[in-house]
Amino acid sequence: MLGLFHILLFWLAGNAIAYFTGSYISGNVIGMVLLFAALRLRIVKPHRVRPAARFLLGSMGLFFVPFGVGLMVSYNLIARHLWAIAVASIVSTLLVLLSVGWTFQKIGRKP
């Protein structure tokens with residue numbers, strides 16, 4: 001129970017920081033970074049968080065059900081804009097692949 005408390009506490013802290021700073025970064029991401037920092041700095045003990053984290057990771061498939069239902073409800077809207085969604089997905093995927101490849105080549109070079 002203490003592990004779940006820690007996870008929810010950092011989630012809440014991340015969302016609060018995102019809300020009050022008007023951040024473009026999701027509060028969930030900020031909370032994960034804060035939890036990671038707390039684990040690395042040994043403020044939170046990993047053995048306390050591990051059981052709750054394993055339970056949540058094991059149940060992760062269940063968390064995608066509402067998004068799947070939302071997609072089915074928005075089917076007409078998605079079908080109407082399918083070409084724009086497909087083009088945006090392809091272009092963004094290519095840009096990510098190119099930028100990661102370029103970065104890997106720059107980092108991988110030996111002086």
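By class, which residues does the lining of the largest pocket have: how many nonpolar, polar and charged? The lining has 15 nonpolar, 2 polar and 1 charged residues, where Ala, Val, Leu, Ile, Met, Phe, Trp, Tyr, Cys and Pro count as nonpolar, Asp, Glu, Lys and Arg as charged, and the others, Gly among them, as polar.

The model on display is predicted, so that local features need pLDDT of at least 70 and side-chain atom pairs count only at pLDDT 80 or more, while totals for chains, interfaces and linings use all residues. Residues are numbered from 1 along each chain as its sequence is written, and side-chain values use heavy atoms, with hydrogens and water left out.

**Stop 1: the largest pocket**

Select I7, M32, L35, A53 and L56, which are the closest to the pocket centre among the 18 residues that line the largest pocket. Its volume is about 660 Å³, a volume being the space filled by probe spheres set on grid points that are joined across faces, edges and corners. A pocket is an open set of points on a 1 Å grid over the protein atoms alone, where a 1.4 Å probe fits, with protein on both sides within 12 Å along at least five of seven lines; lining residues have an atom within 4 Å of a point.

Next, colour α1 (2–21), α2 (27–40), α3 (46–58) and α4 (60–63), the elements that give two or more residues to this lining. Helices are DSSP runs (H or I, at least four residues), numbered from the N terminus.

**Stop 2: helix α1**

Remain on I7, which lies in helix α1. I7 counts as buried because its relative accessible area is 18%, buried meaning under 20%, exposed over 50% and partly exposed in between (1.4 Å probe, protein chains only). A distance drawn from I7 to R50, 43 residues apart in sequence, gives 10 Å from C-alpha to C-alpha.

F10 is also found in helix α1, and F10 is buried at a relative accessible area of 15%.

Then select W11, another residue of helix α1. W11 counts as partly exposed because its relative accessibility is 43%.

**Stop 3: the loop between α2 and α3**

R42 is placed in the loop between α2 and α3. Although R42 is not a glycine, it has a positive phi of about 60°. R42 counts as exposed, at 65% relative accessibility.

V44 lies in the loop between α2 and α3, but V44 is buried, with a relative accessible area of 3%. From V44, turn to H6: they are 38 residues apart in sequence and 7.9 Å apart in space, C-alpha to C-alpha.

**Stop 4: helix α7**

Finish at A88 in helix α7 (residues 82–108). A88 is partly exposed, with a relative accessible area of 45%. Between A88 and A16, 72 residues apart in sequence, the C-alpha to C-alpha distance is 31 Å.
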